[in-house]
Amino acid sequence: MSGLLSSRGPGWFARLGLFAFMLLPARGTHAVAASAKAPYTVVLGIAQDGGLPQAGCRKACCTSGRHENVASLALVDPGSRRWWLFDATPDFRAQLARMAREAPACSLAGVFLTHAHIGHYTGLMHLGREAMGARGMPVWAMPRMHDFLIANGPWSQLVQLGNI
Ligand SMILES: [Zn+2]
Ligand SMILES: [Zn+2]
């Protein structure tokens, strides 16, 4: 039963979800008035895959002390007490901790992977038994990425152990 890591069944859902969250208000510095139960997004990071500071960069952009998490979004549905993560980044730990503060009543209900750059899926490792030990966390990915995760370690272990 590898259906939880599905690229095919909920394709329509992924498209609907991506379309829906583009229409939603983003919480943060530009808070938008919305009813308490209305879904909303949280911008969890804005940096390129390597983050900021980025390994190996000695220019002012990365030596000034500024820190930015890798680009990621949360879609929160307070009504159902769930939230979904768009991209599992190298900053997954900090981004989950932030969501525990932003939406303490809601739990992570699934992960959408937009593409296969390292900044968008390596955070999946924290779902494994060395960290969260997740049970059947749904992960949506495009077909080639789906097959890659199933066929290559350490990601394949997450599938074999039922973490994702
Ligand atoms: Zn830099
Ligand atoms: Zn990328």
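These legends describe close-up views of one predicted model. Residues are numbered from 1 along each chain as its sequence is written, and chains are lettered from A and ligands numbered from 1 in the order in which they are written. In this predicted model, local features need pLDDT of at least 70 and side-chain atom pairs count only at pLDDT 80 or more, while totals for chains, interfaces and linings use all residues.

**View 1. The chain in outline.** The chain has 6 helices and 7 strands. These are DSSP runs numbered from the N terminus: helices are H or I of at least four residues, strands are E of at least two. Their order along the sequence is β-α-β-β-α-β-β-α-β-α-β-α-α. Of the 164 residues, 27% are buried. Buried means 20 or more other C-beta atoms within 10 Å of a residue's own; 12 or fewer is exposed, and in between is partly exposed, with C-beta atoms placed from the backbone.

**View 2. The largest nonpolar core.** This core holds 28 residues. A nonpolar core is a set of buried Ala, Val, Leu, Ile, Met, Phe, Trp, Tyr and Cys residues joined through C-beta atoms within 7 Å. Ala-74, Leu-75, Ala-88, Val-111, Leu-113, Leu-124 and Val-139 touch the most other members. Elements that each supply at least two core residues include β3 (40–45), β4 (72–77), α5 (143–151) and α6 (155–160). Beyond four places in sequence, Val-111 is in contact with Leu-85, Ala-88, Met-137 and Val-139. Contact means C-beta atoms, placed from the backbone, within 7 Å.

**View 3. β5 and its two partner strands.** Of the 5 residues in β5, 4 are buried. β5 pairs with β4 in the antiparallel sense over 5 bridges, and with β6 in the parallel sense over 5 bridges. Pairing requires at least two DSSP bridges between two strands. Phe-86 in β5 stands opposite Leu-73. Trp-83 stands opposite Leu-108 in β6. β4 and β5 form a hairpin with 4 residues between them. In that turn, Arg-81 has a positive phi of about 55°.

**View 4. The crossover from β5 to β6.** β5, α3 and β6 make a right-handed β-α-β unit. Right-handed means that, with the strands pointing away from the viewer, the path from the first strand over the helix to the second runs clockwise.

**View 5. Thr-89 and its surroundings.** Thr-89 lies in the loop between β5 and α3 (92–102). Thr-89 counts as buried because it has 27 C-beta neighbours inside 10 Å. Beyond four places in sequence, the residues Thr-89 touches include Gly-45, Asn-69, Gln-95 and His-120. His-117 is 28 residues from Thr-89 in sequence and 9.6 Å away in space, C-alpha to C-alpha.

Terms used: Two residues are in contact if their C-beta atoms, placed from the backbone, lie within 7 Å.
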